[in-house]
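Here is a short report on one structure.

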Amino acid sequence: MTVSQVVFVILSIAALAGALGTVLNRNLFRSALFLVLSFVGVAGLYLLLEAELLAMVQILVYVGAIAILIIFAVMLS
């Protein structure tokens with residue numbers, strides 16, 4: 001296996017683990033943190049595909065805005 005295949009497997013496992021943790025976790029705060037993990041894994045997959053703009057947008061918009069907004073809403077309620 002090449003290095004890019006190993007990185008792909010690691011990133012895909014991280015994205016899938018984050019998605020499963022988001023759905024299966026009963027604690028809402030931990031579920032939001034698993035959502036962040038899933039978004040970061042998808043952004044890493046975009047980097048592996050050499051789509052740097054999509055990876056940057058994924059980090060800025062989804063991780064930086066939506067996931068943090070969810071965490072703030074959970075902490076305030």
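## Serine 12

Serine 12 sits in helix α1. Helices here are DSSP runs (H or I, at least four residues), numbered from the N terminus. Serine 12 counts as buried because its relative accessibility is 19%. Buried means under 20% relative accessible area, exposed over 50%, and partly exposed in between (1.4 Å probe, protein chains only).

A polar atom of the serine 12 side chain lies 2.9 Å from the backbone oxygen of valine 9. A polar contact is a pair of N or O atoms within 3.5 Å; within protein, one must be able to donate a hydrogen and the other to accept it, and residues adjacent in sequence count only if both atoms are side-chain atoms.

## Basis of the model

This is a predicted model: local features need pLDDT of at least 70, side-chain atom pairs count only at pLDDT 80 or more, and totals for chains, interfaces and linings use all residues. Residues are numbered from 1 along each chain as its sequence is written, and side-chain values use heavy atoms, with hydrogens and water left out.

## Helix α2

Helix α2 covers residues 28–48, 21 residues in total. The expected span is 1.5 Å times one less than the number of residues.

At the start of α2, a side-chain oxygen of asparagine 27 comes within 3.3 Å of the backbone nitrogen of phenylalanine 29. After α2 comes glutamate 50, with a positive phi near 65°.

## Buried residues and their cover

The buried residues of α2 are Ser31, Ala32, Val36, Ser38, Phe39, Gly41, Ala43 and Gly44. Their cover includes α1 (3–24) and α3 (52–76).

Valine 42 also lies in α2. It counts as partly exposed because its relative accessibility is 26%. Leaving aside neighbours within four places in sequence, valine 42 is in contact (heavy atoms within 4.5 Å) with Ala15 and Gln58.

## The aromatic pair

How many aromatic pairs does a search of the whole structure find? It finds 1. The rings of phenylalanine 39 and tyrosine 62 have centres 5.3 Å apart and planes at 45°, so the pair is tilted. Rings of Phe, Tyr and Trp (its six-membered ring) pair if their centres lie within 6.5 Å; planes under 30 degrees apart count as stacked, over 60 as edge-to-face and the rest as tilted.

The pair links distant parts of the chain, 23 residues apart: phenylalanine 39 in α2 and tyrosine 62 in α3. Phenylalanine 39 is buried, at 16% relative accessible area. Tyrosine 62 is partly exposed, at 36%.

Definitions and conventions. Helices (H or I, at least four residues) and strands (E, at least two) are DSSP runs, numbered from the N terminus.
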